[in-house]
Amino acid sequence: MSENKLPSGIDRVVGQRVRWRRRELKLTQERLGELLSLTFQQVQKYEKGVNRVSAGRLFEIASVLGVPITYFYEGAEGFVDHENAQVTQDGDAHAPVMNSETLELIAAFQKIEDMSLRKSLLGTVRAAASAFEPKQRD
């Protein structure tokens, strides 16, 4: 396969967003596959970023999941800038992995309508996370 046809970091971000939205809607990979006339294995490959999602297929996925196409690119800017990218030993950049706890946290956070509460919670999480960062040397 030529290098330009291999999935890129953006493909992994898109796949991750497909998975996130599918799980928000409490759909199985099998059910999403049925709605798209795909096998669950193909859905799984899209979600893992193993296979690229074509523009037409992304349009179908967005329609079935009830989101605009731009939804799948949220967070991609950070990957393109390599600010949030993780680099493996062989030098390949990968989108940060979101496990089920992370997805649940994000989904719950998005349900909070009070913006001051959201800002407060975000500040608390940032403070807690900074406690685990290595101390900078002077």
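Q: How do helix 2 and helix 3 lie relative to each other?
A: This is a predicted model, in which local features need pLDDT of at least 70, side-chain atom pairs count only at pLDDT 80 or more, and totals for chains, interfaces and linings use all residues. Residues are numbered from 1 along each chain as its sequence is written, and side-chain values use heavy atoms, with hydrogens and water left out. The axes of helix 2 and helix 3 come within 8 Å and cross at roughly 105° (axes are lines fitted to C-alpha atoms, for helices over the stretch in contact, with angles running from 0 to 180 degrees between N-to-C directions; helices are DSSP runs of H or I with at least four residues, strands are E runs of at least two, and both are numbered from the N terminus). Angles under 35 degrees count as roughly parallel, over 145 as roughly antiparallel, 65 to 115 as roughly perpendicular and the rest as oblique, so helix 2 and helix 3 come out roughly perpendicular.

Q: How many nonpolar, polar and charged residues are in the contact of helix 1 with helix 3?
A: On the helix 1 side you've got Arg12, Gly15, Gln16, Val18, Arg19 and Arg22, and they meet Tyr46, Glu47 and Lys48 of helix 3. By class, they divide into 2 nonpolar, 2 polar and 5 charged.

Q: Is glutamate 47 buried or exposed?
A: Glutamate 47 belongs to helix 3, and leaving aside residues up to four places away in sequence, it touches Gly15, Gln16, Val18, Arg19, Arg22 and Gln29. Buried means under 20% relative accessible area, exposed over 50%, and partly exposed in between, using a 1.4 Å probe and protein chains only. With a relative accessible area of 6%, glutamate 47 is buried.

Q: Is phenylalanine 72 buried or exposed?
A: Not counting residues up to four places away in sequence, phenylalanine 72 touches Val13, Val14, Arg17, Val18, Leu58, Ile61, Ala62, Leu65 and Val67. Its relative accessibility is 0%, so phenylalanine 72 counts as buried.

Q: How far apart in sequence are the parts that the pair of tryptophan 20 and tyrosine 71 ties together?
A: Rings of Phe, Tyr and Trp (its six-membered ring) pair if their centres lie within 6.5 Å; planes under 30 degrees apart are stacked, over 60 edge-to-face, and the rest tilted. A search of the whole structure turns up 2 aromatic pairs, and the one between tryptophan 20 and tyrosine 71 is tilted, at 6.4 Å centre to centre with 40° between the planes. Tryptophan 20 lies in helix 1 and tyrosine 71 in the loop between helix 4 and helix 5 (76-80), so the parts tied together are apart by 51 residues.

Q: Which residues do ring pairs link into a cluster?
A: Tryptophan 20 is buried at 6% relative accessibility, and tyrosine 71 is buried at 9%. Tyrosine 71 also pairs edge-to-face with phenylalanine 72, at 5.4 Å centre to centre and 90° between the planes. The linked residues are Trp20, Tyr71 and Phe72.

Q: Is lysine 26 buried or exposed?
A: Lysine 26 is in the loop between helix 1 and helix 2, with a positive phi of about 60° although it isn't a glycine. Most residues other than glycine have a negative phi. At 74% relative accessible area, lysine 26 is exposed.

Q: What pattern does the chain follow along the sequence?
A: The chain has 7 helices and 2 strands, and 28% of its 138 residues count as buried. Read along the sequence, the pattern is α-α-α-α-α-β-β-α-α.

Conventions. Contact = heavy atoms within 4.5 Å. Nonpolar A, V, L, I, M, F, W, Y, C, P; charged D, E, K, R; others polar.
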